[in-house]
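Okay, thanks for coming, everyone.

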Amino acid sequence: MSSRSTDRRSFLKTSAATAAAVSVPYFYTSQTAQADEQKSSESNDRPLVGCIGTGSRWNAVGPNAMQLGDVVAVCDVDANHANGAKKKVTDIQSKKGVERKVDVYEDYQKVLDRDDIEIVTIVTTDHWHSKIAIDAMKAGKDVYCEKPLTLTIDEGKKICQVAKETGRVFQVGTQQRSEMGLKFLKAIALIRDGRIGDIEHIAVAIGGSPTSNSIPVAEVPNGLNWEKWLGQAPLVDYRWGKEGKNAKTRCHYEFRWWYEYSGGKLTDWGAHHVDIAQWGLDQTGEGQGPSSIEPIYAKHPVEFKDGMPVQDDRYNCATNFHVKAAFDNGVVMDIKDSHEDDLGFGNGIMFTGTKGRFLVNRGKLVGAPVDELKENPLPEDAIAQVYGGKAPASRNAHMANFFECVKTRKLPISDVFTHHRALTTCHLSNIAIRLNRSLKWDPKSEQIVGDDQANAMLSREARQGYEVTV
């Protein structure tokens, strides 16, 4: 019997303990295990990777994946992105002595149809993540997908369902759980070691979305399949214009500032900081999450009616906001575009407990409990315990954790189950500020209580031909 089979059997025997540690279940079928054993025996140690979505963010994700696997296919609805990615892949792999044919596709299904590809990276616009990820898991692929994973709460429920049913390994690209100088892991370790006592309050600052003037209708650029880029979203005109030195558009990087394709800063940065906040609070497990969401204030660039923007010619996500998420354990999380205090907040997460407080962001970890570490350090294995038994040891730790879990079939550090629970808070916050009213949330049934209009916003109607099916 191979060591991989032994590892899987051991993991299944201890799945209850693992679930308790990470507060989520994990399922792996014997049929899936057998298929993986056969695939592994037919390939070398470096799995073959297909890259779906090759825009700006892929320029980090793709090379990270190529450190651990060999890319044999790239896919994008913008031929300019896809062809540029092929050249980059060829150049990087050739320098490493890897001579592989790299195929270019517009239709991601052609990547999923290939039996030789074991892993896919998904670095598309947010509104495409769920459909591609679900189709990929059903096709037997392990998945690395950038955050935020979903556009709606319903999509998160579907991804969790398919992940359980298929047993695929799925890592979400919330790199703060693995990298950034280990500041966030140390923050969780401080909390777990009782350094601030019981958490009483969490403040999260994530910035606000930018604004734009009216963006004119423009010709679709050569090479871009605009209809397919829109996918599930409504069919609308392509828009592009210049404001000073900056380009403004409905497409590519700027999709983040349109509710039709993303959730503004509440999901763009909220997917990072709210995730860490709820991880520290131990509120990322099944049946966990806030019980109420209260919008204190929000400013949008356009007028809203029944939760929907009334203009379609400019960015529409919130530029300023303050939301209170209350949990049944009495903790309140204030999510704002910006905080200010004596620790130089600005952006990050402030944990306040009965014994002290500290601030953590990508640049610093500060506060009295941090200062005290010089004389009273954390236990030697504190970071490893937070990370699941082995501390991350490389600058590419998040991708490395994913590839390691592809081999062991264990749950990666940023699994879909915990991400879904944290991102639910972000989605609920957006619903609350769009409707301008408080919401009561039942985290067990995953329903908004007594508000049919708000509940309708837990999902979205997909354009015909682009439905998300499980």
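This is a predicted model: local features need pLDDT of at least 70, side-chain atom pairs count only at pLDDT 80 or more; totals for chains, interfaces and linings use all residues.

Residues are numbered from 1 along each chain as its sequence is written, and side-chain values use heavy atoms, with hydrogens and water left out.

At the interface, 30 residues of domain 1 touch 44 residues of domain 2, where contact means heavy atoms within 4.5 Å.

How much area is buried between the two domains? About 3,200 Å², with carbon and sulfur atoms giving 57% of it. That is the accessible area (1.4 Å probe) that two parts lose on being put together, summed over both. On the domain 1 side, I153, Q176 and R177 lose the most, together 29% of what that side buries.

Next, the helix pair. Helix α8 (residues 153-166) packs against helix α16 (residues 416-435) at about 175°, axes 9 Å apart. The axes are lines fitted to C-alpha atoms, for helices over the stretch in contact, and angles run from 0 to 180 degrees between N-to-C directions. Helices here are DSSP runs (H or I, at least four residues), strands likewise (E, at least two), numbered from the N terminus. So α8 and α16 are roughly antiparallel, the label for angles over 145 degrees. From α8, the contact residues are I153, G156, K157, I159, C160, A163 and K164; α16 brings V416, F417, H420, T424, H427 and L428.

Now the backbone. Which bond joins K147 and P148? A cis peptide bond, with omega about -15°. P148 sits in the loop between β5 (142-145) and α8. Then there's L182: not a glycine, yet its phi is positive, about 65°. You'll find L182 in the loop between β6 (170-172) and α9 (183-192).

Last, the record. An unreviewed UniProt entry lists residues 63-173 as "domain: Gfo/Idh/MocA-like oxidoreductase N-terminal"; positions are in the numbering used here, feature names are shortened, and annotations may be inferred rather than shown by experiment. In the model, that span is 48% helix and 18% strand, with its end C-alpha atoms 14 Å apart.

Note on methods:
Angles under 35 degrees count as roughly parallel, over 145 as roughly antiparallel, 65 to 115 as roughly perpendicular and the rest as oblique.
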